[in-house]
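Subject: A structure for you to look at

Hi there,

I am passing this one over to you, and I hope you enjoy looking around in it. Please open it first, and then read my notes below.

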Amino acid sequence: MAIRIGIVGAGGMAAYHIPGFRAGGAKVVAIADVSRDAAERAAAAYGIPKAYASLGDMLAAEQLDAVSVITPNKFHKPLVLEALRAGKHVFCEKPPALNAAEMTQMAAAAKRAKRTLMFDFNNRARPESVAMMKAIRAGTVGTINSAQALWIRRTGIPGFGGWFTTKALSGGGPVIDLLHMIDLALYFMGYPEPAHVLANTFDTFMGDTRFKGPWGIPDRANGVCDVEAAAHGFVTFKNGSVLFLRTAWAEMNKREEVSVTFQGTKAGGLVRRLFGTDGLDETAVDTCELYRQSAAGKRIDKTLKVKPDETMGRVRAATNFIRTLQDKEAPLNTPDEAIKLMKVIDAIYASAASKAPVRVR
Ligand SMILES: NC(=O)c1ccc[n+]([C@@H]2O[C@H](COP(=O)([O-])OP(=O)(O)OC[C@H]3O[C@@H](n4cnc5c(N)ncnc54)[C@H](O)[C@@H]3O)[C@@H](O)[C@H]2O)c1
């Protein structure tokens with residue numbers, strides 16, 4: 001029997017979740033949105049049989065196995081908890097939650113309900129990341145002792161005054177919105193236990209319309225803009241490894257850079273996408289490389305060749321959720337990893353606020 005899935009929140013990522021679920025053999029049977037119009041429009045656009053005005057209505061009317069959450073960040077926790085309470089497996093957009101306390105509650109609820117809870121860390125499903133992880137698991141890289149995680153946009157502020165720039169709704173700015181590279185670095189490193197974080201955030205260009213992103217997210221007059229525009233930080237781990245991070249919606253860099261670099265005991269590596277113009281793909285350049293020294297001391301630079309994926313793993317990540325439920329694949333991410341990630345993010349904000357290093361507990 002096909003897995004039956006319902007979507008809550010007709011966000012833009014539905015365009016990737018839906019083909020991803022379908023590629024795994026699931027049926028997308030309904031979509032719910034507080035804006036009933038948005039739910040109906042999405043149902044018509046994607047050939048989904050039913051539309052509802054809330055998750056509760058959808059759960060009451062439909063026989064579902066799983067729920068996919070595509071709403072603004074503040075609603076992730078309550079919707080995930082509601083779906084788990086109803087006995088559904090859940091695939092939720094990133095970030096997992098507003099903070100680690102919320103994520104810890106969600107992980108406990110999934111355990112209690114004995115249901116799968118996964119998040120859309122789509123960058124782990126990119127062909128480059130999959131190839132790199134395969135090399136890491138094969139022992140080619142050795143132990144990774146340091147990494148650098150970057151996501152730097154130049155003109156990437158997602159509108160002014162909407163939910164993205166309102167901390168109470170988003171949890172923060174680019175640190176939490178562009179958390180993918182921090183997650184990818186931690187994934188490559190084997191998700192070590194974080195120890196300390198020293199970081200600062202900057203709001204230099206927050207409110208400056210020259211740095212607005214090209215996605216057409218409308219500004220909201222008198223809306224709140226209380227999140228950072230950029231952050232720089234350093235994380236140490238209990239096993240001695242370290243991570244540098246830099247993340248920005250607005251920093252004056254030549255090209256938008258999305259990358260993880262690392263040093264292992266046997267090889268160094270790089271997974272990087274350089275965008276031409278912020279968020280636009282036509283001239284994007286992907287790099288996936290490993291660097292080693294041969295026994296004779298010669299440099300061996302190897303490109304890991306993969307098929308390009310313009311969805312940046314978004315379709316594949318959704319398929320992995322379905323295949324996990326079918327016991328055909330291992331999950332690409334776990335709630336325990338999401339808790340560690342959110343603890344690092346909380347500590348970045350805490351260190352920036354206190355102007356001091358923060359111990360991660
Ligand atoms: N993985 C990625 O690459 C990626 C990219 C963009 C956005 N996202 C994530 O997707 C999520 C949605 O972002 P978006 O820009 O599409 O948001 P959005 O503002 O377009 O909102 C999505 C929809 O959610 C609905 N909604 C809000 N609260 C709801 C509730 N309680 N119940 C039902 N529906 C509700 C809204 O009416 C809206 O139609 C965010 O968490 C964002 O971080 C992920």
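Residues are numbered from 1 along each chain, following the sequence as written. The model is predicted, so local features need pLDDT of at least 70, side-chain atom pairs count only at pLDDT 80 or more, and totals for chains, interfaces and linings use all residues.

Helices (H or I, at least four residues) and strands (E, at least two) are DSSP runs, numbered from the N terminus. Helix 9 spans residues 180-188, and nine of its nine residues are buried. Among them are His180, Asp183, Tyr187 and Phe188. Here, buried means that 20 or more other C-beta atoms lie within 10 Å of the residue's own; exposed means 12 or fewer, partly exposed is in between, and C-beta atoms are placed from the backbone. Just after this helix, Gly190 has a positive phi of about 85°.

At least three residues come from each of domain 1 (4-119) and domain 2 (123-359). In soluble globular proteins, nonpolar side chains tend to be buried together.

Setting aside neighbours within four places in sequence, Ala149 is in contact with residues including Met181, Ile182, Leu184 and Ala185, and also Leu243, Leu245 and Val260. Contact means that the C-beta atoms of two residues, placed from the backbone, lie within 7 Å.

**The two domains**

The domain assignment gives domain 1 (4-119) and domain 2 (123-359); such bounds come from an automatic or database assignment. Taken over C-alpha atoms, their centres are 24 Å apart. Domain 1 puts 32 residues into the contact and domain 2 puts in 28. On the domain 1 side, helix 1 (14-23), strand 5 (89-92), helix 5 (100-113) and strand 6 (117-119) each supply at least two residues. By class, that side has 21 nonpolar, nine polar and two charged residues. Ala, Val, Leu, Ile, Met, Phe, Trp, Tyr, Cys and Pro count as nonpolar, Asp, Glu, Lys and Arg as charged, and the others, Gly among them, as polar.

Two of those elements deserve a visit. In helix 1, the buried residues are Ala14, Tyr16, His17, Ile18, Gly20 and Phe21. Their cover includes strand 1 (4-8), strand 2 (27-32), helix 2, strand 4 and helix 10. Gly25 follows helix 1, with a positive phi near 95°.

Strand 5 is covered on both faces, with His89 and Phe91 buried on one side and Val90 and Cys92 buried on the other. Strand 5 pairs with strand 4 (residues 66-69) in the parallel sense over four bridges, where pairing requires DSSP to find at least two bridges between the strands. Val90 is the bridge partner of Val67.

**The ligand**

Around the ligand there are 23 residues, and the closest are Gly9, Gly11, Ala38, Thr71 and Glu93.

Most residues other than glycine have a negative phi, and most peptide bonds are trans. A cis peptide bond joins Lys94 and Pro95, with omega about -10°; Pro95 is in the loop between strand 5 and helix 5.

Met312 is not a glycine, yet its phi is positive, about 50°. Met312 lies in the loop between strand 14 (299-303) and helix 10 (314-325), and counts as buried because 22 other C-beta atoms are within 10 Å. Lys355, also not a glycine, has a positive phi of about 55°. Lys355 sits in the loop between helix 11 and strand 15 (358-359), and is exposed because there are 9 other C-beta atoms within 10 Å.

Best wishes

Definitions and conventions:
Near = placed C-beta within 6 Å.
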